[in-house]
Amino acid sequence: MLKVTIGQYYPADSFIHRLDPRMKLFCTMAFIVFIFFVNNFLGYAMAFVFIVTVIAVSKVPIKFLLRGLRAIFFIVIFTAVLNIFFTAGETVVLDWWIFRITLEGLLNAGRMALRLVMLIIGSSILTLTTTPIQLTDAIEFYLKPLKKIGVPAHEIAMMMTIALRFIPTLIEEMDKIMKAQMARGADFDTGGIVKKARSLVPLLVPLFISAFRRAEDLALAMESRCYRGDVGRTRMKQMRFASRDFAVFCVILVFVAMVFVLNYIAALYGIW
Amino acid sequence: MSIELKDVCHTYSKGSTFAKNALNNINLTIESGDFVGLIGHTGSGKSTLVQHLNALLKPHSGHIFIDGEDINADKSRLKAIRSKVGLVFQYPEHQLFDMTVYKDVSFGPKNAGLSGEEIKERVESALTMVGIMPDMYEKSPFELSGGQKRRVAIAGVLAMRPEVLVLDEPAAGLDPRGRDEILNQVKKMHEGLQITVILVSHSMEDIARLVNRILVINKGEIVLSGTPTEIFAQIEQLEAIGLSTTQSAYIARDLRNKGFNLPENIFTVDVVVDAVLSELQAR
Ligand SMILES: Nc1ncnc2c1ncn2[C@@H]1O[C@H](COP(=O)(O)OP(=O)(O)OP(=O)(O)O)[C@@H](O)[C@H]1O
Ligand SMILES: [Mg+2]
């Protein structure tokens, strides 16, 4: 009934899965920044080659990845359409009634769509190959310097871990409550917006109640196992950078440098 | 209300890496007026099976007929089918949502589009059936005890006046007195209203005492089906799939091995007690 692939973990044993989560998070961030900096064909081609290689190495089936994309398909189309119509440009391709499409608009739209798609694929690869727990550990690592100015890095990370951990549970719970109410003749699909909103009450009230109950239970369970926050806490699984992480880091550095150099050369000779 | 399942299969998360085959070629018939017990080990597919009976889950292959009608054939008939087949979920108290007990129970009849008078009549009779007194009608369902919540939730389904009542472990987590009260109510309703009842339970004692037919499910397949006498005679098969016969039957067996002259195939407390008493008197 409810399929959520964004943020889902795909269990497999691949080079990408084994990388240190901190390195993966860093690379993903770098990749996203990179995508928004490049504005020429060469950059996109390189990014494309890069992402395809990563997908191939990660052993995540392409079908699985694309299914996650389906959910945001409309956002991509919507952004592209907006760009087509609202980019000012000189080279008019089509001029009809109030519509005016320019070559610049088309190019802009294509670029935006490409960026969005790669951005989403890039971040899904991260979540598909990294368990939520690893991911929050990595986030905690990067937030650590902020502890000095009073940011509760550990608590934020713990909250994120718990939130991520409970998404599937809550979805399952919602599915169950929905079925129970449907067994009593509830109808979630038909009717106007007011009726639909009202039909959510029998769904949301039990859902919130169970979420609060779970939160209380969890807090009690954690306390009775002597959880008391960050102070003096050690980890069962230490994160360690391995040689493969350094290798990846170097590859990325060389890659980025290469793109900038090529970019520079291309600009120098006026190609693209 | 006869129910017929033909080659029903169900797979959770079909087509993904987490695919789980929960039902395998289920074929069964339940006659009108039967009181059927469904037993099986944890994870054997009992809850999955009963959710097919009112089309909350759809089979990936096969058909389900209720009174000869394929329930998944016509979407516009779903509501009618769901009011014919009332399903009480495992831990039904988690579905309570309204401000008062009365309003919560009236949710089903309201959805069925009944008039105010009729709703009132149904809600009151449903609450009376489960033993909730009128002084509780205006309480919030969240102030009640666990057992009371369970009763209110069951009343919420009874108020739909189903012709088939399916109960998924209605007594789980209740104290012995509460479970007896609820199950006796179910028995009474079965006799009084002539409805078909399907009871999922882990308690062999309850099953032995209440039902006239037993279905045994294991790993998504119906492995045994018959009267309690037939089923509880097959102790080895039951134990092989992680089930057992009743405590009383075990006691009778042990006494028989110790030289007591007790008949085979006795498995309810009352019958075993009577047999032992008359044997002791005969000695
Ligand atoms: N929503 C779901 N998604 C995936 N798998 C599921 C889902 N619900 C149940 N299953 C699986 O299907 C199988 C049958 O589950 P089901 O809930 O029908 O068992 P059950 O016989 O009711 O068990 P219990 O006695 O514990 O209630 C189990 O192996 C379970 O893991
Ligand atoms: Mg179950």
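## A first look at two chains and a ligand

B:E205 sits in helix α8 of chain B, which covers residues 204-210. Helices here are DSSP runs of H or I with at least four residues, strands are runs of E with at least two, and both are numbered from the N terminus. This is a predicted model, in which local features need a pLDDT of at least 70, side-chain atom pairs count only at pLDDT 80 or more, and totals for chains, interfaces and linings use all residues. Residues are numbered from 1 along each chain as its sequence is written, while chains are lettered from A and ligands numbered from 1 in the order in which they are written.

How far can you trust the picture? The pLDDT is the predictor's confidence in each residue, from 0 to 100. Chain B averages 91, and 99% of the residues score at least 70. For the complex, the predictor gives an ipTM of 0.85 and a pTM of 0.78.

Back to B:E205: why does B:E205 count as partly exposed? The reason is that B:E205 has 16 C-beta neighbours inside 10 Å. A residue is buried with 20 or more other C-beta atoms within 10 Å of its own, exposed with 12 or fewer, and partly exposed in between, with C-beta atoms placed from the backbone. Leaving aside neighbours within four places in sequence, B:E205 is in contact with B:T246 and B:Q247; contact asks that the C-beta atoms, placed from the backbone, lie within 7 Å.

In chain A, A:I72 is found in the loop between α4 (62-70) and α5 (73-86). A:I72 counts as partly exposed because 16 C-beta neighbours lie inside 10 Å.

Here are two residue pairs, with C-alpha to C-alpha distances.

| Pair | Apart in sequence | Apart in space |
|---|---|---|
| A:I72 and A:L220 | 148 residues | 38 Å |
| B:E205 and B:T268 | 63 residues | 6.8 Å |

Next, the place where the chains meet. The contact takes 15 residues from chain A and 20 residues from chain B. On the chain A side, α8 (153-183) and α10 (201-224) each supply at least two residues, and α8(A) gives the most, with six.

Finally, ligand 1. Of the 13 residues around ligand 1, B:Y12, B:A22, B:K46, B:S47 and B:T48 come nearest; a residue counts as near if its C-beta atom, placed from the backbone, lies within 6 Å. In chain B, β2 (20-30) and α1 (46-52) each supply at least two residues of this shell, and α1(B) gives the most, with three.

Terms used. Contact = placed C-beta atoms within 7 Å.
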